[in-house]
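Please look over the structure below before reading the questions. Each answer works towards a value or a name.

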Amino acid sequence: MSTTQSERLRELLEPLVTSQGLDLEEIEVDSVGRKRVLRVVVDSDTGADLDLIADVSRALSAKLDETNAMGDGEYTLEVGTPGAERPLTEHRHYVRATDRLVKFQLSEGGELVARILKVDDEGVDTEVPGVKGRKATARRIAFDDIVRARVQVEFSRKDNKKEEEA
């Protein structure tokens with residue numbers, strides 16, 4: 001049986017989130033002065049638009065009020081999606097990051113920035129960008145060799161030379 005408030009909230013809210021076709025990624029309860037803030041992070045393989053986030057927020061709010069899960073004190077409910085530089089902690093996160101640039105911290109030491117090309121049960125196939133005119137290289141990274149991974153923001157990505165020349 002769950003003992004922490006976050007675990008109890010996850011058990012209560014996860015069925016509502018999954019019924020909307022989303023994954024419940026994170027629940028966090030913070031105290032800000034006398035008020036509490038409940039942050040719920042949701043996502044899916046296809047993303048979540050604002051209308052869906054609003055629907056989920058209304059459903060969660062109703063459930064929280066119905067069950068009094070947050071107690072009698074005031075609280076604010078914030079429902080959103082993971083940030084642009086989200087950490088990758090689950091297999092589904094890596095799948096969703098396919099074709100994105102990711103910074104990996106490796107168990108052997110050091111970091112690697114590479115684009116995820118393919119994900120399977122054992123690890124990821126990546127493309128390491130070339131430096132100073134060199135060609136990009138392929139590299140396989142096993143999940144066991146990854147300490148941390150975080151999606152990187154790209155402001156001006158050039159997909160390939162054929163598209164640039166067209």
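The questions below take up a helix, a strand residue and some salt bridges.

Q: What kind of model is this, and what pLDDT do local features need?
A: Residues are numbered from 1 along each chain as its sequence is written, and side-chain values use heavy atoms, with hydrogens and water left out. This is a predicted model in which totals for chains, interfaces and linings use all residues, side-chain atom pairs count only at pLDDT 80 or more, and local features need pLDDT of at least 70.

Q: How far apart are the end C-alpha atoms of helix α1?
A: Helices are DSSP runs (H or I, at least four residues) and strands are runs of E (at least two), numbered from the N terminus. The expected span of a helix is 1.5 Å times one less than its number of residues. Helix α1 covers residues 5–19, so its 15 residues should span 21 Å, and this agrees with the distance between its end C-alpha atoms, 22 Å.

Q: Which residues of α1 are buried?
A: Buried means under 20% relative accessible area, exposed over 50%, and partly exposed in between (1.4 Å probe, protein chains only). Contact means heavy atoms within 4.5 Å. The cover over the buried residues of α1 includes β1 (23–32), β2 (35–43) and α2 (50–67). The buried residues themselves are L9, L13 and V17.

Q: Leaving aside neighbours within four places in sequence, which residues does A142 contact?
A: A142 lies in strand β7, residues 137–142. A142 counts as partly exposed because its relative accessibility is 28%. Beyond those neighbours, its contacts are E122 and G123.

Q: Is E111 buried or exposed?
A: E111 forms a salt bridge with K103, with the closest N and O atoms 3.8 Å apart. K103 counts as partly exposed, at 32% relative accessibility. E111 has a relative accessible area of 55%, so E111 is exposed.

Key: A salt bridge is a side-chain nitrogen of Lys or Arg within 4 Å of a carboxyl oxygen of Asp or Glu.
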